[in-house]
Amino acid sequence: MTHDLRLLAPALATWLTAAATIGLPQPLIYAVAATAAVASLYLLTAHRDRPVRPRESAGRATASRGAPGGVAAEPAPAADTPKAAPDAGRGRRVVVGVVLACAAASAGGVALRTTAVDGGPVRGLARAGRFAAAEAVLTGDPRARPGNGRQMIIIRARAEAVARSRVRVPVLLIAGDPRWLRLVPSQRVRLRGRFATPKGAGLLAAVVIVRGPPAVLSGPSRIQRAAEHVRARLRAAVDRLPPDRRGVLPGMVVGDTSRLDPSLADDFRTAGLTHLLVVSGANLAIVIGAVLGLCRVAGLGRRRAPPVAVLAVFAFVVVARPEPSVLRAAVMGSIGLLALFTGRQRQGLPALAAAVLLLVLIDPELARSYGFALSVLATAGLIVLAPPWRERLARRLPGPLADALAVAAAAEVAVAPVLVMLSGEVGVVSVFANLLAAPAVAPATLLGALAAVTAPVSLPLARAVVGPAGLAVGWIIWVARTAAALPYATIPWTRGGLGAVTLLLAGAVALLILRSRRLRVVAAGAMTGVLIAVVAVRVTAPGWPPPGWQMVACDVGQGDALALSAGPGQAVVVDTGPDPAPVDRCLRRLGVRDVPLLVLTHPHADHISGTSGVRHGRTVRGVLTTPLSPGREARFTSGLHTARAEPGQQWQVGDLTLSVLAPPATASVLSPKDDGTTINNASVVVVARRPGFSALLAGDVELDAQRALESSVPSVQVLKVPHHGSRSQDLRFLAAARASIALISVGEHNDYGHPSATTLGLLRRLRTQIHRTDKEGDIAVVRTRTGVAAVPRH
């Protein structure tokens, strides 16, 4: 199949120029734009070479010296018209000129936006780090993320008034009050916060750390109000579905993942099915196809059907929100509909290139959006790679199977380099997971879209429609969970640009091997040997978890989550980390199905926000919290029996005894105004003991609380180092524990400098073995003949 590549170079030039110039100094960006514009103008306006005329013949008859009788020879015939000399370089000059023109337009757009955000009062406040009041209009949905000690709510907005000045620049709001989550795009709010300069390259004027709730000045626009009404009615329609399906179906239809369980989202990621939770070209293609089919049934001709489909595209984008993948799909679909309307043959690659060119010119920040890149690459894979692969597979497989396998493999191969840059993993089961899920995607999307349309009119009818849609979604969820649970579902790989390059090189080597029969035989032999070695290692290795494990520090990133064995399938869990997915995976690997006691040491998000992951598919029989908590944990522990810890309390679970050392119940109850240190010092401190094992679990207590506990700290074998190994450690507290093993639960490359070099030095002075989750992953403590030992999972 021959592809029209004429728009490819201009689109790439526009994309790469925007990506490269964002973050550069303004004068340099203007210089790039001006240079490219001048060069383009020169190449596009260069004069054609003048036509070359043949020399005129003298017309005189010349006698041929050798001609008999001196007969004159005939003169050479003159050309009737002058013939232009071919200009082979003209076409190349035009192409280069157009490419430079697109680059100039892209750099010019970045330069103008950079000028807008770098000047004015907003950037001035950010450079000074000052507090100020402002008015802003939300341009995106609020999104909740775990932060340092509490939930962070991230909102993209446009500042329109600040310091008594009218402005119009993009800002990023970071709030903590949950009332921000109720807002929708286009609402105007008044806020007060500290303005800060954005980190990294971008086109933001400032990051605003917002204090308090929003003061709503105006409601959403009519369009956004209608869109939010559709989304709300769809959520109401799926309320009677099981929880997992209730979270997935709105995500597949309109990109609403507000109810999605984070652990399930992680399973979708591991299985390579994340694209199903993000509205993309596949969703839009299904919707457009359905609309065009209905138009055909209604008798609308080729001229009248595309305008109806364009209206459907517009409505779809408004309801699903203009995310990068949605915008790319909408522009590409509109271009395809225009081609259908005009009767011209549609071609995928020019439509994709046109979509990229237009969108990046309109919004240069898309050039640095990973979501946009994944969407474009996946579509390119379907256009370029899938057709020839389909033809090859169709020679040996049934047609529908060949189609599905080619589509899944092409999309996965196209996006693999970017996914490796982001995750540092290569998906192994994603192609087969997509193959299994594919039959259910179209029914789920179509029925879900029908429910979204009917829900505002008739909720009972919409609930009847989502019933069969829920069955299709249930199959997709089963595929995601099953694929994610397989061993080696993903393979670790180098993260970042180096990982992408090495993956591309590995792909090139694999292509060479596939093209050579001799190399295929050698590769097959080598892979067989590796497979035998892996099987042998798996058979002889003890596996995970190690037999007789007593305690496991789960790798949950920048947070704490500990599991204490309490019997077959049982564990006492102490803290749950900042996100449900990692702790859920850790407990699943340990085979924990029953949690007799969940201890939440203090109400910071990196210790309590993963609670739903502990509860997922497990029975939690009771919760123990700090007596000083204002009740922030309640939103995670609803329906569970909760008790307050008191010094001297003991909890017995099998042969495991938990003794509470702190905090004192007489201390003041925490308030929202308390700083992080005060909340850390309110941590529940527990000593865990059983025959042959003891551990001190110190939460996040800092210097004051540690000094208060020095005299009561017993000698133990294992110390969970407080506060992720921060600098706030008391040497006498650490020494009193006399632990042979120190566990530090900490996130890789965290922003807090944990663990502190000073703390590591103190532990080494005490001759304590140091084990860190950021370096070793999950860490198990097992009993040995001489005491205890740490066994890392990695």
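Predicted model: local features only at pLDDT ≥ 70, side-chain atom pairs only at ≥ 80, totals over all residues.
## Helices α6 and α15

Two packed helices are described by the angle between their axes and the distance between the axes. Helix α6 spans residues 243-254, and helix α15 spans residues 430-454. Their axes come within 9 Å and cross at roughly 85 degrees. Angles of 65 to 115 degrees count as roughly perpendicular, so α6 is roughly perpendicular to α15.

From α6, the contact uses L249, M252 and V253. From α15, it uses V441, A444, T445, G448, A449 and A452. By class, the contact has 7 nonpolar and 2 polar residues. No charged residues take part.

## Strand β22 and its partners

Strand β22 covers residues 741-744. It runs parallel to strand β21 (residues 718-720), and 3 bridges join the two. Within this pairing, K720 has L743 of β22 as its bridge partner. Strand β22 also pairs with strand β23 (residues 769-772), again in the parallel sense, over 4 bridges. Here A742 stands opposite I770 of β23.

β21, helix α24 (residues 731-737) and β22 form a right-handed β-α-β unit. β22, helix α25 (residues 757-765) and β23 form a right-handed β-α-β unit as well.

## Two covered faces

In a regular strand the side chains alternate between the two faces of the sheet. Which residues of β22 lie on each side? I741 and L743 are on one side, with A742 and I744 on the other. All four are buried, so both faces of β22 are covered.

Notes:
Residues numbered from 1 in each chain as written. Heavy atoms only, no water. Axes fitted to C-alpha atoms, helices over the stretch in contact; angles between N-to-C directions. Parallel < 35°, antiparallel > 145°, perpendicular 65-115°, else oblique. Contact = heavy atoms within 4.5 Å. Nonpolar A, V, L, I, M, F, W, Y, C, P; charged D, E, K, R; others polar. Buried < 20%, exposed > 50% of the residue type's maximum accessible area, 1.4 Å probe, protein only. Pairing = 2+ DSSP bridges. Right-handed = clockwise from strand over helix to strand, strands pointing away.
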